[in-house]
Structures are given as C-alpha cells and as structure tokens.
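Subject: Structure for you to look at

Hello,

Here is the structure you asked to see. Please open it first, and then read the notes below.

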Amino acid sequence: MLSCVKAEHLKLKRTFTKKLVWLAPIVAMLLSAVLMAGQYFQGDSYNWWYAMLLPGSISLICAGVIQMDMKKLSYRAVLGLPFDPSEIWLGKIGICIWLLFISCAVLFAGVTLGGFLFGSSISLAQNAGASLILFVTVLWQIPLCLFLTDRLGMFAAILLNLAANVGFMAGTATTALWWIPYSIPARLMCPVIKVLPNGLNVPENDPLLNTNVILPGILISFTLFVVMSALTALCFRNREAK
C-alpha cells in the first residue's frame, strides 16, 4: 500500500490540492487575525478551522485525489495496474490522511506562533491536544468524501459534506446528540480549548467543560473511520473502468 500512497503523492505534484494543504490553515488564521486578533486569536483560529476550513479542505483534497484518475481516463490507468483495487483505494485514503496531518501541523505551528505575537489564551498542551483530536475525529470523512466524489461527483460531494458539517455542528454539538460524528469535533473543542462552536468562550462551570466526552468521541470517530475505509475499499474493488 505504501507504493500506492507514493504514487498518489506524485500525481498531486504542482496541483492546487497540495497548495490547499497549507493554504487552508493559513486562511483560518488570517481570518482570526483580522477579525479577532489579540487574546482571541488562538481560540478563534481553531473555531474558523473546524467550523468551515477543515471540512472544506478535506472535501477539496479528496475531490482532487479522485479527479486525478477520473477526469480523463476514468480509472483505466489505475485499474490496469497489478494491484488489488482495494489497495489502490486505501492508497488514496493514505495520501489524504498525510495531507490532512500536514494541514493540522501547519495550524498548530501558526497558532503557537500567534500566541507569542497576540498573547496566549490556550496552553501549548491544549494547542497540541486540539490539533491531534481534530485530526483523529475527522479522519472518517476522508473515505466518505472519496466515495461521494467517486459516485456523485466533486460538487455534490463538497456541498453535502460541508452542509452536514455546518448543520450538525450548529444543531447538535452542544446537545445530548453530540455523539453524532459530524458534531464530535466541535463538541470536543469545548473542554479542550474552552471555545463554543459559535466562537464564544465556554462559561465557567458549564457542563460542556466535562472532559468525559473526549475518549468516547475519539473512539466513535476512529471506529467509524475503520468501518468506512473497509466498506468503501470493498466497493471500489468492484469498480470497473468506464
């Protein structure tokens, strides 16, 4: 599978998809710096990130990876390789994971630096924890977005994933239904960086500060990632070039 990941990486050379990896977190931090600089910079950067820029960049990265094979050759090139199609699919998931990790690392570095420039509102440990938790809790969206792009097309996949992220985050992240996968990243940020989905600070002694949701949220998200990866790989195994 590693060779498939390397091949996917080479395909993305000099593409907008690779630029998006560092561009998206920078845009999140610029929005925070312009609109909410000062002591709110760090928390607001994360709020812009998980509310809009992170789900948007995942959708676009997955669309870019799929479009490289679909646009001209309709998978004829990759399905003719001496690899099991499911291994090729897992390679696509693997490169998306790597690109997502780089994006989260860029945000972590930028938010850390911003703490020195604008004043720190979250500790280094909170910063690292938030980046890692967001990375893990959105992994399941990678196989989903790849599958949606493959079956429905790029624009439908992006719109569906963005709408679900925004809708569930606004509607259920701070309710008893926080365990719905789309709501988990925003809900877990409440006790980790003490910021609500609307960007405001969580009030002191608020039940949303309870850290008991962190482990279940991570386990739900990671289990869903494994299941989604296996199911979508199985579907791609039966994919035929058009």
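Is Asp-150 buried or exposed? Asp-150 is buried, because its relative accessible area is 5% and the cut-off for buried is under 20%. Please keep in mind that this is a predicted model.

Asp-150 also takes part in a salt bridge: its side chain meets that of Arg-151, at 3.0 Å from N to O. Arg-151 is partly exposed, with a relative accessibility of 42%. The structure has one salt bridge.

Next, the empty space inside. Rolling a probe the size of a water molecule over the atoms shows where such space is left. Searching the whole structure gives two cavities of 30 Å³ or more.

The largest cavity holds about 80 Å³ of space. Its lining includes Tyr-50, Leu-54, Gln-141, Asn-165 and Met-169. Helix 3 (41-70), helix 8 (154-172) and helix 9 (184-193) each give at least two lining residues, and helix 3 has the largest share, with four. Sorted by class, the lining of the largest cavity has nine nonpolar residues, two polar ones and no charged ones.

The second largest cavity has a volume of about 30 Å³. Ile-58, Ile-61, Cys-62, Cys-96, Leu-100 and Ile-142 line this cavity. Helix 3 and helix 5 (85-118) are the elements that supply two or more of these residues. Helix 3 gives the most, three residues. The lining of the second largest cavity has six nonpolar residues, with no polar and no charged ones.

Regards

Key:
Residues numbered from 1 in each chain as written. Predicted model: local features only at pLDDT ≥ 70, side-chain atom pairs only at ≥ 80, totals over all residues. Heavy atoms only, no water. Salt bridge = Lys/Arg side-chain N within 4 Å of Asp/Glu carboxyl O. Buried < 20%, exposed > 50% of the residue type's maximum accessible area, 1.4 Å probe, protein only. 1 Å grid on protein atoms, 1.4 Å probe; cavity = no way out; pocket = protein on both sides within 12 Å on 5 of 7 lines; lining within 4 Å. Points joined across faces, edges and corners; volume = space filled by probe spheres on them. Nonpolar A, V, L, I, M, F, W, Y, C, P; charged D, E, K, R; others polar.
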